[in-house]
Amino acid sequence: MSGYAKLKGYLVEHGIRQQEIAELLQIDRSTLNTKLNRNGADFTLSEVKALCRKYQLDANIFFLI
């Protein structure tokens, strides 16, 4: 399972809405969806840091291949 699939599973499991993540990252929800589904765009380093800080995520598990 890819890191992004794990991230999506984590969000669902913890009841974290995509809108909440988009607001944290100051991006459009549709942009977040594109990133989560690996449709071209990828998360920036600052976005990864913000997510890891807010939700105590391990970047090695959710963002690195």
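**Note on helix packing and a cavity**

1. In this predicted model, helix α2 touches helix α4 through E20, I21, L24 and L25, which meet E47, A50, L51, K54 and Y55 on the α4 side. Sorted by type, the residues of this contact are six nonpolar and three charged, with no polar residue among them.

2. The geometry of that pair is as follows. Helix α2 covers residues 18-25 and helix α4 covers residues 45-55; they pack at an angle of about 120°, and their axes lie 10 Å apart. Angles of 65 to 115 degrees count as roughly perpendicular, and the angle here is about 120°, so α2 is described as oblique to α4. The crossing of α2 past α4 is right-handed.

3. Helix α2 also packs against α3, at an angle of about 100° and with the axes 9 Å apart. The two helices, α2 and α3, are therefore roughly perpendicular to each other.

4. Which residues make the contact of α2 with α3? From α2 come Q18, Q19, I21, A22 and L25, and from α3 come R29, L32, N33 and L36. This contact divides into five nonpolar, three polar and one charged residue. I21 and L25 of α2 take part here and also in the contact with α4.

5. The largest cavity holds about 30 Å³ of space.

6. What lines the largest cavity? Its lining consists of L7, L11, I21, L32, L36, F43 and L51. The elements that give two or more residues to this lining are α1 (3-13) and α3 (29-36). By type, the lining has seven nonpolar residues, no polar and no charged.

7. Some residues of the helix contacts return in the cavity lining. I21, L32 and L36 belong to the contact of α2 with α3, I21 and L51 belong to the contact of α2 with α4, and these residues are listed among those lining the largest cavity.

Conventions:
Residues numbered from 1 in each chain as written. Predicted model: local features only at pLDDT ≥ 70, side-chain atom pairs only at ≥ 80, totals over all residues. Heavy atoms only, no water. Axes fitted to C-alpha atoms, helices over the stretch in contact; angles between N-to-C directions. Helix = DSSP H or I, 4+ residues; strand = E, 2+ residues; numbered from the N terminus. Parallel < 35°, antiparallel > 145°, perpendicular 65-115°, else oblique. Left-handed = near helix turned anticlockwise from the far one by under 90°. Contact = heavy atoms within 4.5 Å. Nonpolar A, V, L, I, M, F, W, Y, C, P; charged D, E, K, R; others polar. 1 Å grid on protein atoms, 1.4 Å probe; cavity = no way out; pocket = protein on both sides within 12 Å on 5 of 7 lines; lining within 4 Å. Points joined across faces, edges and corners; volume = space filled by probe spheres on them.
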